[in-house]
Amino acid sequence: MLTIMKGPYLQWPTENSITIMWETSEPASSTVNVLMAERIHSGYQGNYKKPEQVLVTVDEKEYSTIHQLTVNHLEPNTLYFYQVRSVNERGEIESGYHYLKTAVRRGESFSFTVTSETGGYSGFDKSEGQINRNIFSQMQRYRPDITLFIGDIVNDGNNYEDWEKYFFGPGKEFLTNTPFYSCLGNHEDNASWYYDFFAYDSPKNYYSFDYGDTHFICLDSTDFIERETYPNSSGKMAPGNEQFDFFVRDLKSTSAKWKIVYFHYPPFVSGGYQVEDLQELSPLMEQYGVDLVINSHTIVYERSHPICNGKVDFEKGIVYIVAGGAGAMPDWFLPKRSWHTAQSLAVPHFLNVVMTTNSLELHALDEHGRLFDKFCLYKESTGKRIHL
Ligand SMILES: [Fe+2]
């Protein structure tokens with residue numbers, strides 16, 4: 001029988017388009033209908049009419065099991081409903097109605113959530129996945145526009161079942177309505193499933209995108225760090241390395257007001273697995289005005305003081321967040337904090353970040369939604385940052 005195995009889920013939203021993906025149990029052709037979301041102005045606020053008016057239909061006649069359709073000609077910062085359908089000779093299956101929202105324009109506020117380690121922590125997790133489910137349902141409560149995963153979302157990226165068990169399964173509801181971006185952690189092992197399931201710009205293991213006034217850059221730190229376990233690693237953070245050249249080019253060319261970089265290994269953490277080689281990227285990020293770096297791998301939460309040139313610097317420094325996400329490993333911390341540590345705690349968590357043209361407000365919340373850290377950065381029109 002034809003069934004939907006994963007999704008539908010949302011990828012790569014722009015102001016006028018979005019990509020919808022899902023997986024079926026057998027090869028089938030695919031269709032997406034995008035429908036007008038019409039607000040009911042009486043009764044409970046926020047209610048929408050059952051959608052009726054189909055605005056756009058996109059078809060793919062060619063059979064596949066992983067379906068990827070892009071819907072164009074949408075309005076910016078607008079809510080729609082969508083429904084997917086797959087058909088083959090043996091049957092037909094359609095999803096329910098889910099909602100999607102296109103990207104905001106420059107000058108408009110938005111929010112995003114962040115977590116990681118839904119699979120990387122699995123070897124230590126005694127909750128049988130309850131922590132993952134809690135974190136996904138908490139993130140849903142915050143209704144973010146987009147969400148980031150900083151790697152290790154599966155335990156073994158080459159194991160097909162892991163993608164459902166640790167990521168698409170617990171995240172099912174959240175991922176139907178929240179476009180997500182992920183980066184490669186060591187547990188993904190650069191597996192082909194990462195490339196099959198996600199619709200990022202080529203080469204996919206690193207990419208960048210704009211959302212509102214923020215430019216996001218995703219790097220593949222497993223490619224930068226030479227290890228025996230990464231036989232394809234270029235292992236070189238210097239001109240001539242394709243990823244490094246992309247990073248420099250991208251930082252130089254963006255005119256976005258805010259710049260956020262994320263990659264898996266943490267250059268700064270007062271715990272195990274600090275990958276100091278990655279501090280070699282810091283001068284470049286300082287030069288081009290990166291505001292925030294988000295990492296994972298060490299399964300704790302840690303926020304650094306603003307750092308520039310190896311020192312605390314509230315004027316020019318970059319704040320590094322380790323969002324170890326769905327796990328908590330207190331004994332991975334050093335006995336005492338480091339010079340760069342501002343706040344840290346080993347609890348399962350996620351981040352909720354709200355961006356406006358002039359501000360970045362970051363909350364760190366535990367798996368039950370309790371706030372345990374926050375920080376706010378204000379940026380004047382001159383580009384000068386003020387830490388609140
Ligand atoms: Fe990791």
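View 1. Helices (H or I, at least four residues) and strands (E, at least two) are DSSP runs, numbered from the N terminus. The model is predicted: local features need pLDDT of at least 70, side-chain atom pairs count only at pLDDT 80 or more, and totals for chains, interfaces and linings use all residues. Residues are numbered from 1 along each chain as its sequence is written, and side-chain values use heavy atoms, with hydrogens and water left out.

**View 2. A cis peptide bond joins Gly7 to Pro8.** Here omega is near 5 degrees. Pro8 belongs to strand β1 (residues 4-11).

**View 3. Trp12 has a positive phi.** Its phi is near 45 degrees, and Trp12 is a residue other than glycine. Trp12 is in the loop between β1 and β2. Is Trp12 buried or exposed? Trp12 is buried, with a relative accessible area of 15%. Buried means under 20% relative accessible area, exposed means over 50%, and partly exposed is in between (1.4 Å probe, protein chains only).

**View 4. Asp189 also shows a positive phi.** The value is near 55 degrees, again in a residue other than glycine. Asp189 is placed in the loop between β9 (180-182) and α4. At 34% relative accessibility, Asp189 is partly exposed.

**View 5. Four residues hold the iron ion.** Which residues coordinate the iron ion? They are Asp152 (OD), Asn186 (OD1), His264 (NE2) and His297 (ND1), at 2.1 Å. Donors are N, O and S atoms within 2.8 Å of the metal (3.2 Å for Na, K and Ca); water is not among the atoms, so sites may look incomplete. Along the chain, the donors follow the spacing D-x33-N-x77-H-x32-H. Asp152 lies in the loop between β8 (146-149) and α2 (160-168), and His264 in the loop between β12 (258-262) and α7 (282-287), so this pair ties together parts that are 112 residues apart in sequence. Both Asp152 and His264 are buried.

**View 6. The iron site has an irregular geometry.** Angles among the four donor atoms run from 90 to 160 degrees. Four donors count as tetrahedral if all angles lie between 85 and 135 degrees. Four count as square planar and six as octahedral if opposite donors are over 155 degrees apart and all others between 65 and 115; anything else is irregular.

**View 7. Glu26 and Arg90 form a salt bridge.** Their closest N and O atoms are 2.9 Å apart. The pair links distant parts of the chain: Glu26 is in strand β2 (residues 18-36), Arg90 is in the loop between β4 (79-88) and β5 (91-94), and they are 64 residues apart. Glu26 is buried at 13% relative accessibility, whereas Arg90 is exposed at 60%. A salt bridge is a side-chain nitrogen of Lys or Arg within 4 Å of a carboxyl oxygen of Asp or Glu. How many salt bridges does a search of the whole structure find? The search finds 10.

**View 8. Asp291 and Arg385 meet in a salt bridge.** The N to O distance is 2.8 Å. Asp291 is in the loop between α7 and β13 (292-295), and Arg385 is in strand β22 (residues 385-387). These distant parts of the chain are 94 residues apart. Asp291 is buried, with a relative accessible area of 0%. Arg385 is buried too, at 10%.

**View 9. Ile135 is buried in helix α1.** The helix spans residues 130-141. Ile135 has a relative accessible area of 1%. Leaving out residues up to four places away in sequence, Ile135 touches Thr115, Gly325, Ala326, Pro348, His349, Phe350 and Glu367. Contact means heavy atoms within 4.5 Å. Ile135 and Pro348 are 213 residues apart along the chain, yet their C-alpha atoms are separated by 8.0 Å.
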